Amino acid sequence: KASKPELWASLSVATDAFFGRGVYATRFEPGCFGTRSAILMNNYRGMIHKNRTLLHDWGYKADYCIPIQVCRSSVFDVQKEATPEMHGPGRNKDGDPIDVDRDVW
């Protein structure tokens, strides 16, 4: 029997939800990034800067692309809009600026 697919959300604001609770995505398809490393840097830049081995260890996190169709009113472009946990647009939950070349929704 096939198992049901699950979409995991970042729920722990203390450890993995830098912009608030929810599912993180990008509006770009993988080919726009050019490399698997570029995808990882877009999605996990802060954590990779703290621990460079994650770029290698987390390569599997860029193995697949799961398209998600969502109403625009249900998403935040964290560069331009703040989630309830953020310190304003373009700043994460700790108040640190988000690199302008990142695309995180």
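Q: Starting with Cys65, how accessible is this residue?
A: In this predicted model, Cys65 is partly exposed, because its relative accessibility is 47%, which lies between the cut-offs of 20% and 50%.

Q: And Cys71, buried or exposed?
A: Cys71 counts as exposed, because its relative accessible area of 54% is over 50%.

Q: How many disulfides does the structure hold?
A: The number of disulfides in the structure is 0. As background, a disulfide is a covalent bond joining the sulfur atoms of two cysteines.

Q: Turning to the overall fold, how many helices and strands are there?
A: The protein chain has 2 helices and 0 strands. One of the helices, α1, covers residues 36–50, and α2 covers residues 53–57.

Q: How much of the chain is buried?
A: Of the 105 residues in the protein chain, 26% are buried.

Q: What is the accessible surface of the chain?
A: The accessible surface is about 7,600 Å², and carbon and sulfur atoms account for 56% of that area.

Q: What share of the contacts joins residues at least 24 apart?
A: That share is 41%, counted among contacts in the protein chain between residues at least 6 apart in sequence.

Q: Which residues make up the largest nonpolar core?
A: The largest nonpolar core consists of 7 residues, namely Ile39, Leu40, Met41, Ile48, Leu54, Trp58 and Ala62. Helix α1 is the element that gives the most to this core, contributing 4 residues.

Q: Which residues does Ile39 contact, leaving aside its neighbours within four places in sequence?
A: With those neighbours set aside, Ile39 is in contact with Pro30, Phe33 and Ala62.

Q: Which residues does the second core include?
A: The second core is separate and has 5 residues, among them Phe19, Val78, Ile98 and Val104.

Q: Back to Trp58, where is it in the chain?
A: Trp58 lies in the segment after α2. Trp58 counts as buried because its relative accessibility of 16% is under 20%.

Q: What does Trp58 touch, leaving aside neighbours within four places in sequence?
A: Apart from those neighbours, Trp58 is in contact with Leu40, Tyr44 and Met47. Tyr44 is 14 residues from Trp58 along the chain, and the C-alpha atoms of the two are separated by 9.5 Å.

Q: What sits over the ring of Trp58?
A: The charged end of Lys61 sits over that ring, 4.2 Å from the ring centre.

Q: On to aromatic pairs, how many does the structure hold?
A: The structure holds 3 aromatic pairs. One of them joins Phe19 and Tyr24 in an edge-to-face arrangement, with 5.6 Å centre to centre and 70° between the planes.

Q: Why do Phe19 and Tyr24 count as edge-to-face?
A: The pair is edge-to-face because the angle of 70° between the planes is over 60 degrees.

Q: How accessible are the two partners, Phe19 and Tyr24?
A: Phe19 is buried, with a relative accessible area of 5%, whereas Tyr24 is partly exposed, with a value of 30%.

Q: What is the geometry of the Phe28 and Phe33 pair?
A: Phe28 and Phe33 also form an edge-to-face pair, at 6.3 Å centre to centre and 80° between the planes. Phe28 is partly exposed, and its relative accessible area is 35%.

Q: What about Asn92, buried or exposed?
A: Asn92 is buried because its relative accessible area of 11% is under 20%. Asn92 is placed in the segment after α2.

Q: Which residues does Asn92 touch, not counting residues up to four places away in sequence?
A: With those residues excluded, Asn92 touches Phe18, Phe19, Met86, His87 and Ile98. Phe19 and Ile98 are among the members of the second core.

Q: Next, how accessible is Tyr64?
A: Tyr64, in the segment after α2, is exposed with a relative accessible area of 71%. Tyr64 and Pro30 are 34 residues apart in sequence, and their C-alpha atoms are 8.8 Å apart in space.

Q: And Pro67, buried or exposed?
A: Pro67 is exposed, at 72% relative accessible area, and is found in the segment after α2.

Q: Last one, how far apart are the C-alpha atoms of Ile68 and Ala25?
A: They are separated by 8.4 Å, while the two residues are 43 residues apart along the chain. Ile68 is in the segment after α2 and counts as partly exposed, at 40% relative accessibility.

Key:
Residues are numbered from 1 along each chain as its sequence is written. This is a predicted model: local features need pLDDT of at least 70, side-chain atom pairs count only at pLDDT 80 or more; totals for chains, interfaces and linings use all residues. Side-chain values use heavy atoms; hydrogens and water are left out. A nonpolar core is a set of buried Ala, Val, Leu, Ile, Met, Phe, Trp, Tyr and Cys residues joined through side-chain atoms within 4.5 Å. Buried means under 20% relative accessible area, exposed over 50%, partly exposed in between (1.4 Å probe, protein chains only). Contact means heavy atoms within 4.5 Å. Accessible areas come from the Shrake-Rupley method with a 1.4 Å probe; for residues, only the protein chains shown count as cover. A disulfide is a pair of cysteine sulfur atoms within 2.5 Å. Rings of Phe, Tyr and Trp (its six-membered ring) pair if their centres lie within 6.5 Å; planes under 30 degrees apart count as stacked, over 60 as edge-to-face and the rest as tilted. A charge sits over a ring if NZ of Lys or CZ of Arg is within 6 Å of the ring centre and within 35 degrees of the ring normal.
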